[in-house]
Amino acid sequence: WRVIRKRQWTVIAFFLIVLITTAIATYTMKPIYRGTVTIQIDRENPSFVDFKEIFSVNMWDLDYYQTQYKILESRTLAKRVVQSLKLAEHPEFLPQPETPFQKWKSNLFHSVFALFKSPKKDENKPAQTSTQSAPEADKETALIGQFLGNLKVEPIRNSRLVKVHFDAMSPELAAQVPNNL
């Protein structure tokens, strides 16, 4: 107790710094909204049922549901949703301008990597055969990656239900994406 009393101003100053920093960080954060939709995935059953199939555990069902979950998380479906909602034009998916700290950090990393980089050029690089230009393809890939980073598919155990979540700073976007997906 004597040590604490002796250093009381240090303890109080440390406590206030932590309190003020936490308050500033909390009030400057942007809220994140989560849109959720629950989907029931049904298998198309044949018109006849064998008596043995009623009592057996069908492993194909488990594979079928895992496949459906992966389809919901696929890049192809994500690309279709991005195009249908025109997310490339949405402010949340537009590139943000770099802050001075980010520019400084980027310049520092580039200069450090330049020291270790080989001066030879890579001559064995494959040619671009796509109809899109390389920067457009990179933008689309980054956009789909950002989209999938905000998407979460959560199967509900022992059921045919799956929850699809999407996190966004816009409540309208958080609701639109799972419904469109």
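Reader: Which element gives the largest share of the lining of the second largest pocket?

Author: Happy to start there. The largest share comes from α7, with seven residues. Please keep in mind that this is a predicted model. The elements that give two or more residues to the lining of this second largest pocket are α5 and α7 (134-150). The pocket has a volume of about 290 Å³, and 15 residues line it. Nearest its centre lie Ala-88, Phe-93, Lys-139, Glu-140 and Leu-143.

Reader: What classes of residue make up the lining of the second largest pocket?

Author: Eight are nonpolar, two are polar and five are charged.

Reader: What makes the buried residues of α5 line one face of the helix?

Author: Let us begin with the residues themselves: in α5, Leu-77, Ala-78, Val-81 and Val-82 are buried. Seen down the helix axis, the buried residues of α5 fall within an arc of 140°, so they line one face. The face turned away from that buried side carries the exposed residues Thr-76 and Arg-80.

Reader: How do you know that the buried residues of α8 line one face of the helix?

Author: Leu-173, Ala-174, Val-177 and Pro-178 are buried in α8, which spans residues 171-180. Looking down the axis of α8, you find its buried residues within an arc of 120°, and therefore they line one face. On the face turned away from the buried side sit the exposed residues Glu-172 and Asn-179.

Reader: What covers the buried residues of α8?

Author: The cover includes β1 (33-40), α5, α7 and β3 (161-168).

Reader: Why is Pro-91 called exposed?

Author: Exposed means over 50% relative accessible area. Pro-91 has 56% relative accessibility, so Pro-91 counts as exposed. You will find Pro-91 in the loop between α5 (75-84) and α6 (100-116). Across the sequence, Pro-91 and Ser-170 are 79 residues apart, yet their C-alpha atoms are 9.5 Å apart in space.

Reader: Is Lys-86 buried or exposed, and why?

Author: Lys-86 has a relative accessible area of 53%, and the cut-off for exposed is over 50%, so Lys-86 is exposed.

Reader: Where is Asn-158 found, and why is Asn-158 called exposed?

Author: Asn-158 is in the loop between β2 (151-155) and β3. Its relative accessibility is 78%, and over 50% counts as exposed, so the label applies to Asn-158. Phi of Asn-158 is near 60°, again a positive value in a residue other than glycine.

Reader: Stepping back to the chain, how many helices and strands does the chain have?

Author: There are eight helices and three strands, and along the sequence they follow the pattern α-α-β-α-α-α-α-α-β-β-α. Of the 181 residues in the chain, 17% are buried. The accessible surface of the chain comes to about 15400 Å², and 60% of that belongs to carbon and sulfur atoms.

Reader: What part of the contacts with a separation of 6 or more comes from residues 24 or more positions apart?

Author: Such residues account for 73% of those contacts in the chain.

Conventions:
Residues numbered from 1 in each chain as written. Predicted model: local features only at pLDDT ≥ 70, side-chain atom pairs only at ≥ 80, totals over all residues. Heavy atoms only, no water. Helix = DSSP H or I, 4+ residues; strand = E, 2+ residues; numbered from the N terminus. Buried < 20%, exposed > 50% of the residue type's maximum accessible area, 1.4 Å probe, protein only. Contact = heavy atoms within 4.5 Å. Areas by Shrake-Rupley, 256 points an atom, 1.4 Å probe, with all protein chains shown as cover. 1 Å grid on protein atoms, 1.4 Å probe; cavity = no way out; pocket = protein on both sides within 12 Å on 5 of 7 lines; lining within 4 Å. Points joined across faces, edges and corners; volume = space filled by probe spheres on them. Nonpolar A, V, L, I, M, F, W, Y, C, P; charged D, E, K, R; others polar. Arc of directions from axis to C-beta.
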